[in-house]
Each structure stands twice: as C-alpha cells, then as structure tokens.
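This briefing covers nonpolar packing, aromatic contacts and the surface.

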Amino acid sequence: MLQTVALFVLGRLLYGSPFPSGVGSLVLAVVIGSAVFAAIGVATASIIRSGEGSSAVVNFILLPMAFLTGSFGPTHRYPGFLRALGAVLPLKYFIDLVNAIYLHGHALWTRPKDLAILVAWGVAGLVFAAWKFRWEPREG
C-alpha cells in the first residue's frame with residue numbers, strides 16, 4: 001500500500017496527475033491484485049528448487065509479462081501472437097482494472113471480466129501452491 005501511495009504522490013508532484021476519484025475501488029483493486037500475485041508467487045516458489053535459481057525464474061516470468069501486458073507502454077503495435085500471449089496473463093487484467101478506476105473513474109464492480117480473470121488466476125495459484133509447496137527442500 002505504501003508503494004501505491006508513493007506512486008500517486010510522485011505522479012502528482014512530478015507530472016501533475018490527479019488523485020483517483022474512486023479511492024475505495026482503487027484500494028480494493030490493489031488489495032485483490034496483491035492477493036492474486038502473492039498466490040501466484042507462492043505457486044512459483046513451490047517449484048523452484050533453490051534460492052540461487054529464484055532470481056532467474058522470477059526475471060524470466062516477470063519481465064516478459066510486464067512487456068507483453070502493457071505495463072511499460074502500449075502493446076497495439078506488437079505482433080498479434082504477442083498480444084494474444086499478453087491477453088492470457090493476469091497483469092493485463094490488473095492494469096486494465098486499475099486504469100479503468102484511476103483514469104476513467106469507473107468503480108471496481110463495473111469490470112467483472114477483469115475481476116473474474118484475476119480471481120481465477122489467484123485461485124489457480126493457491127491450488128497449485130497447496131498441491132506442490134513444501135517447507136522442506138526437495139532432493140534432486
């Protein structure tokens with residue numbers, strides 16, 4: 001939450017961007033997004049065999065996902081197969097949801113598709129983590 005507040009304050013100070021009008025929807029969207037990505041993170045951690053390999057795995061997942069989903073800029077000039085790949089990733093729906101709330105003044109519940117896809121990813125992450133996660137390191 002502190003990072004989110006800092007982002008809005010810096011945006012206001014450096015670029016003159018407005019504060020969001022639907023603060024409640026934005027807070028709830030950030031909480032939901034945090035929970036979804038935490039579940040995906042635990043699921044990912046459950047298949048990484050060592051601490052040394054975690055950085056490579058996280059970068060292999062995070063950076064392409066950020067580029068493919070529009071986190072760093074528009075994707076409309078990407079080839080169709082890259083846009084299609086980005087369309088199945090959860091970050092795209094989180095970005096779309098936050099953009100709708102922050103930039104267009106929509107409420108959280110006006111984006112049921114984005115919410116449903118985020119929740120589905122979160123549930124999938126939890127189920128996978130419950131199936132694979134172990135506190136003790138695996139051999140091999």
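Which residues of the largest nonpolar core touch the most other members? They are L91, L97, I101, L108 and L118, in a core of 20 residues.

This is a predicted model, in which local features need pLDDT of at least 70 and side-chain atom pairs count only at pLDDT 80 or more, while totals for chains, interfaces and linings use all residues. Residues are numbered from 1 along each chain as its sequence is written, and side-chain values use heavy atoms, without hydrogens and water.

**Core**
- A nonpolar core joins buried (under 20% relative accessible area, 1.4 Å probe, protein chains only) Ala, Val, Leu, Ile, Met, Phe, Trp, Tyr and Cys residues through side-chain atoms within 4.5 Å.
- Two or more residues each come from α2, α3 (51–69), α5 (90–104) and α6; helices are DSSP runs of H or I, at least four residues, numbered from the N terminus.
- The most comes from α5, with eight residues.

**Aromatic contacts**
- There are four aromatic pairs (Phe, Tyr or Trp ring centres within 6.5 Å, using the six-membered ring of Trp; planes under 30 degrees apart are stacked, over 60 edge-to-face, the rest tilted).
- One of them, F128 with W131, is edge-to-face, at 5.6 Å centre to centre and 75° between the planes.
- F128 and W131 are about one helical turn apart because they lie three residues apart in α6 (residues 112–132).
- F128 is partly exposed at 30% relative accessible area, and W131 is exposed (over 50%) at 56%.

**Charges over rings**
- K132 lies over the face of W131, 4.7 Å from the ring centre (NZ of Lys or CZ of Arg within 6 Å of the centre and within 35 degrees of the ring normal).
- The charged end of K92 sits over the ring of Y93, 5.2 Å from its centre.
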